[in-house]
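Good morning, colleagues. Please turn to the structure on the screen while I take you through the ligand site.

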Amino acid sequence: MVVLVDDGDAAVRTAAEVITSAIRADPRLRLGLAAGTTPLPLYHDLIRLAREQGVDYSQLTIFSLDEYLDLPPQHPSRFGSFLRRHFLDQVNVAESGLRLLDAAGLDDGERTCGAYEAAIREAGGIDLQLLGIGRNGHLGFNEPGSSLASRTRPVALTSDTIDANRHLFPDGEAPQLAVTMGLGTILEAKRLVLLAFGETKSQAIAAALEGPITASVPASVLQLHPDVLVFLDEAAAAHLTRREYYRRAAALWKRSVRGSRGSENVRSSRFEVRS
Ligand code: GLP
């Protein structure tokens, strides 16, 4: 695991360079996206890089991490609409490459989730999965108590998550049900990139990265994955105890991906330094 603590803008720029480099290295990359406020600046930066440097998204296969189950199909807060509005509509993805997780309701949930697992398998797996983290340590909508081996499935949201989302639904009920990739599904992605910004994520980050691996903190499952890159700002990193070590390991990682010409840009899509 490589943990980079930086100011938010710099973290976003580095994450965007990592993803852009991965797309350049493999134009047919299978990329998993996450919704939520955290990745928004990253999507803005990816759009900017796509325009300035002509990054080609046309051959990518795009998966998504999770989706509400009890919102009307055209609701603007559905994660599929969110991802299209803030990212996908602004880069040259092919509609045929989109595999966004969605279900028509609880009755359709099980069937859809089984089909989603099959779609991931048929595509050959996910190369790079973006992740955020919930204040309660959830990954996707894998709430505390989720099996560390869980697969894509319908889930009930915890009251913590429903409350955290309530401000996004001022005119109606906050959703209570969702479909999510499982923790076992997420662990099968070849690389994981987690972003977390702000003090509200600091306890969850400390528990996930430095606490025991437990279903009570679903994001602690990241400790089982061999290739995780974590981007934090100072506020989100506030409760980490190994800060000095992360700083030195991150400096080594940055050197290793800078490329032989000494560019400041992240040119390689491989993460050479892990701990
Ligand atoms: C949400 C979603 C996750 C997201 C996380 C953090 O409820 N289920 O996919 O990564 O919680 O959201 P945000 O980035 O808005 O803080």
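I will begin with the model itself and then turn to the ligand.

This is a predicted model, in which local features need pLDDT of at least 70, side-chain atom pairs count only at pLDDT 80 or more, and totals for chains, interfaces and linings use all residues. Residues are numbered from 1 along each chain as its sequence is written, and side-chain values use heavy atoms, with hydrogens and water left out.

The pLDDT, the predictor's confidence in each residue from 0 to 100, averages 93 over the protein chain, and 94% of the residues score at least 70. Residues 260–275, however, have a pLDDT below 50.

A backbone N or O atom of Thr-37 lies 2.9 Å from a ligand oxygen. For Thr-38, a side-chain N or O atom is 2.5 Å from an oxygen atom of the ligand. Asp-66 places a polar side-chain atom 2.8 Å from a ligand nitrogen. The protein buries 87% of the 390 Å² that the ligand exposes when taken alone, with areas from the Shrake-Rupley method and a 1.4 Å probe.

Conventions:
Contact = heavy atoms within 4.5 Å. Polar contact = N/O pair within 3.5 Å; in protein donor to acceptor, adjacent residues only side chain to side chain.
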